[in-house]
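Hi everyone, thanks for making time. I'd like to walk you through one structure today, so please have a look at it before I start.

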Amino acid sequence: MGAAVFFGCAGIAFGPALALVLLTVAAEPLRVIVLVAGAFFWLVSLLLASLIWFVSVHLSDREDAKLQYGLLVFGAAVSVLLQEVFRFAYFKLLKKADEGLAMISEDGRSPISLRQMAYVSGLSFGIISGVFSVINILADSIGPGIVGIHGDSPYYFITSAFLTMALVLLHTFWGVIFFDACEKRRYWCLGLVVASHLLTSGLTFLNPRYEASLVPIFIITFITGLWAFFTAGGSFRNILKCLSCKQEDDSRVMMYSALQVPFED
């Protein structure tokens, strides 16, 4: 039973991310480099946030439960802000790298676009964030023990897996929106990304009332996904074309063939 819960929750949490990596990242060396470097930037932000929280806890009254809960909320907010600061720092680094790649290329264009780097960097932030948020939970799911035997919610593991999946997707969407906002200097978009990130983290404090946290987080994920889709240049026409699996005829080729001069005998 423990193995089934482990692999099932791991598949829910990281199945979409694994599919995205295999289909869109693994075959391109530059995208793999961006993915690994993005994970490193997120880890540095986590290290700094952990140090701030650790120091604040040890400088406070550790017997005051209400104060410690407040410090936990403070640590989560600091972690979110540091993640967005390091996302901006990663954007600046990739921007410089993009200019350098364009300079050394033969055609004067970078082999990887800024939108592609935004997507891959967001995916890297999401994967490493999901790993650190759920790895201990997955380790406990193997057993021994039964969740809910003492009256707790039996949906702890499955809910954590779905929350992790939403977090991975949200980071991917936030990366696309954040990089586009930085490129076009849309500061209100940056503010919305940070605010939605803070809201998502804050909703997790409503657990174990999972219906009060999981449903709003997935609504935020859906809305943010649509926003990222249109930011990346998507449209409803593209969605309909994808669902219909139809290809448009190339009228230019037909016109060219119709204007060919017949060969003389």
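**An all-helix tour**

So, the protein's secondary structure amounts to 9 helices and 0 strands. Helices here are DSSP runs of H or I with at least four residues, strands are runs of E with at least two, and both are numbered from the N terminus. Reading along the sequence, you get the pattern α-α-α-α-α-α-α-α-α.

Before we go on, a word on where the values come from. This is a predicted model, in which local features need pLDDT of at least 70, side-chain atom pairs count only at pLDDT 80 or more, and totals for chains, interfaces and linings use all residues. Residues are numbered from 1 along each chain as its sequence is written, and side-chain values use heavy atoms, with hydrogens and water left out.

How much of the protein is buried? Buried residues account for 36% of the 265 residues. Buried means under 20% relative accessible area, exposed means over 50%, and partly exposed is in between, with a 1.4 Å probe and protein chains only. The areas themselves come from the Shrake-Rupley method with a 1.4 Å probe, and for residues only the protein chains shown count as cover.

Let's begin with helix 1, residues 2-24, where Phe7 sits. Is Phe7 buried or exposed? Phe7 is exposed, at a relative accessible area of 59%. Its C-alpha is 9.2 Å from that of Ile142, although Phe7 and Ile142 are 135 residues apart in sequence.

Cysteines next. How many disulfides does a search of the whole structure find? The search gives 0 disulfides, a disulfide being a pair of cysteine sulfur atoms within 2.5 Å. Take Cys182: the nearest cysteine sulfur belongs to Cys189 and is 10.0 Å away, and Cys182 is in no disulfide. Cys182 is buried, with 13% relative accessible area. Cys9 also counts as buried, at 6% relative accessibility.

Now to the charges. Side chains of opposite charge can pair when their charged atoms come close. The rule used is a side-chain nitrogen of Lys or Arg within 4 Å of a carboxyl oxygen of Asp or Glu, and the count comes to 4 salt bridges.

One of them joins Glu84 and Arg87, with the closest N and O atoms 3.0 Å apart. Both Glu84 and Arg87 are buried. They are 3 residues apart in helix 3, residues 65-104, so about one helical turn separates them. In general, an α-helix has 3.6 residues a turn, so residues three or four places apart point the same way.

Another salt bridge pairs Lys95 with Glu183, at 2.9 Å from N to O. Lys95 lies in helix 3 and Glu183 in helix 5, residues 156-184, so this pair ties together parts that are 88 residues apart in sequence. Lys95 is partly exposed at 23% relative accessibility, and Glu183 is partly exposed at 36%.

Lys184 is partly exposed at 42%, whereas Asp180 is buried at 13%. Salt bridges link Asp180, Lys184 and Arg186 in a network.

On to helix 6, residues 187-203. The buried residues of helix 6 include Cys189, Leu190, Val193 and His197. Down the helix axis, the buried residues fall within an arc of 165°, so they line one face; that arc is taken over the directions from the helix axis to the C-beta atoms. The face turned away from the buried side carries the exposed residues Tyr187 and Trp188.

Last stop: a nonpolar surface patch of about 900 Å², whose members include Val215, Phe222, Phe230 and Leu243. Patches are made of residues with over 30% relative accessible area and no salt bridge, joining like charges within 9 Å and nonpolar side chains (Val, Leu, Ile, Met, Phe, Trp, Tyr) within 5 Å. Helix 7 (210-231) and helix 8 (236-244) each give two or more residues to the patch. Helix 7 gives the most, with 6 residues. Phe230 is found in helix 7 and is partly exposed, at 36%.
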